[in-house]
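This report is meant to be read alongside the sequence and the coordinates. Please keep both in view while going through the sections.

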Amino acid sequence: MDAVLLSRLQMAFTLSYHILFPTLTIGLAWFLVMLEFRWLRQRADQDPSGQHANKLLTLYRFWSKVFALNFGMGVVSGIVLSYEFGTNFAPFSAATGNVIGPLMSYEVLSAFFLEAGFLGVMLFGHNRVPPWLHFFATLMVGIGTLMSAFWILAAHSWMQTPAGTELIDGRFVVVDWWAVVFNPSFPYRLSHMLAASFLTTAFVVLGVSAYQWRRQQAGADIALKMALAMAMVVAPLQIFLGDLHGLQVRRDQPLKLAAMEGVWETERGAPLLLFAIPDQQAEKNHYEIAIPKLASLIVTHDADGEIRGLKSVPASERPKVLPVFWSFRVMVGLGLLMLLFALWGSWRALRGKLLHDSKWLRLAPWLIPCGFVATLAGWWVAEIGRQPWLVYGLLRTRDGASVLPAERILESLVLFALVYVALFGLFLFYVARVVRAGLPGVAGHDLTPVLPRSTAVVIDQPAVEPER
């Protein structure tokens, strides 16, 4: 057994597990901000019936429960990572401590002061603090999630495109913090990740709301339309951001791009491979299905543009092509699927038939995992595509790993897998219970007149029952 490979597998497993939760936390925090903002405006408009305000508050309370469960899982799974850096990758921690340490500290401070500081008010503050103060707490939690993402992505992007440092006696010394934080890949990676978070959240809300609407739960239609609007904005934006990110990868990490496209020889007018099985040993692809010149057109914005091939460097300098190649296609394929589904829903909404389209409503819950899987696939493209480097071009992964007995690493990996699978099962169980329980009744706050739950349900039932 290779101890370095096992350490990499353990880090990959725990990181992949952790990233699922912040991905939803970021988008869901801002969905709650929008819900509460609309609720405050509805109250200010003095709606005589109070129905719409009641629905918005009901939705806020329901989604804040999902947020709390997800936030807790993100915190628990994130704590482990810092210990892994110290145990499994101690040489890396020692070499990059001057850079990574402060960036991670800023992330912890952001999370502590903004997220943890206001989370209690956000979750339990209704009827205890004024509505404007409660909204302020929700807004601060939302900003806190963005700040956490900012610092995490700054650290991770620096590992991809290191800048602002000098390597002296085996340690990275900061000479320009501005260059460290705003390194060449940071703006693209941050925007791409935030868009992934909002798109993932949109499809989670879409799927759950479609399920609730089919169960004739009042207010689900509001969340459904908000999520659809979010998806229609973010899905095309994500494709645009992905294109910009691709140009940056071609400039700064050409071998990662070559692995993504399955390009072995440097060539102009490279075809887009729809299907292939890259063979690392034979240095070629099997069973190619390709569209001529399209890869060059997409990647360089020129049909005859040049893409650097993997064979331009020795085999020891290349990333593993097969996982990068297919992870990239899974990410892009799911992104296009989500865009098409959002377009379908928007077309039905414009015709006034969205809430009665049984096919669309039945399919929506099945697409809930799409955003998570696409985010994971994109993360694997970034991480595996960076190999064999921990700090790109400067520190190899093998040199940054701790010297540990392979058996001990395997034991901890198996233990992590067992515990994490159990935790994830419990998480899904409780989230499913919350979803099945449905939207909670409305109570509290000096709203415009509050309708009894039974009355509200009768009034807010769909005028026409959805097709079954």
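## Overall fold

The model described here is a predicted one. The protein contains 15 helices and 8 strands, and its radius of gyration of 24 Å is close to the 23 Å that the globule rule gives for 468 residues, so the protein is as compact as a globular protein of that length. Taken along the principal axes, the box filled by the C-alpha atoms is roughly 70 × 45 × 40 Å.

Of the 468 residues, 53% are buried, and the accessible surface of the protein comes to about 21,000 Å², with 68% of that area belonging to carbon and sulfur atoms. Among the contacts with a separation of 6 or more, 79% are between residues 24 or more positions apart.

Strand β4, which covers residues 272-279, runs antiparallel to β5, and the two are joined by 6 bridges. They form a hairpin with 4 residues between the strands, and within this pairing D279 has K284 of β5 as its bridge partner. In the turn, E283 has a positive phi of about 55°.

Which residues make up the nonpolar patch on the surface? The patch is formed by L274, F275, I277, Y287, I289, I291 and L322, which together have about 650 Å² of accessible area. The elements that give two or more residues to this nonpolar patch are β4 and β5. L322, in turn, lies in helix α10, and with a relative accessible area of 39% L322 is partly exposed.

## Salt bridges

Side chains of opposite charge can pair when their charged atoms come close. With a cut-off of 4 Å between a side-chain nitrogen of Lys or Arg and a carboxyl oxygen of Asp or Glu, the count for this model comes to 10 salt bridges. One of them is formed by the side chains of D304 and K293, with an N to O distance of 2.7 Å. D304 lies in the loop between α9 (294-300) and β6 (306-307), while K293 lies in the loop between β5 (284-291) and α9, so this pair ties together parts that are 11 residues apart in sequence. Both partners fall in the partly exposed class, D304 at 41% relative accessibility and K293 with a relative accessible area of 39%.

A salt bridge is also found between the side chains of R396 and E317, at 2.4 Å from N to O. This pair links distant parts of the chain, 79 residues apart, with R396 in strand β8 (residues 395-396) and E317 in the loop between β6 and α10 (321-350). R396 is partly exposed, with a relative accessible area of 26%, and E317 counts as partly exposed at 22%. R386 and E383 are both buried.

Is M193 buried or exposed? M193, which has its place in helix α6 (residues 186-214), has a relative accessible area of 13%, and because buried means under 20%, M193 is classed as buried. Leaving aside residues up to four places away in sequence, M193 touches I19, T23, L153 and T375. The C-alpha atoms of M193 and A149 are separated by 8.5 Å, although these two residues are 44 residues apart along the chain.

F112 is found in helix α3 (residues 90-124), and its relative accessible area is 54%, so with the exposed class set at over 50%, F112 counts as exposed. F112 and L32 are 80 residues apart in sequence, and their C-alpha atoms are 20 Å apart in space.

Terms used:
Residues numbered from 1 in each chain as written. Heavy atoms only, no water. Buried < 20%, exposed > 50% of the residue type's maximum accessible area, 1.4 Å probe, protein only. Pairing = 2+ DSSP bridges. Patch = residues over 30% accessible without salt bridge, like charges linked within 9 Å, V, L, I, M, F, W, Y side chains within 5 Å. Areas by Shrake-Rupley, 256 points an atom, 1.4 Å probe, with all protein chains shown as cover. Rg over C-alpha atoms; globule rule 2.2 N^0.38 Å. Contact = heavy atoms within 4.5 Å.
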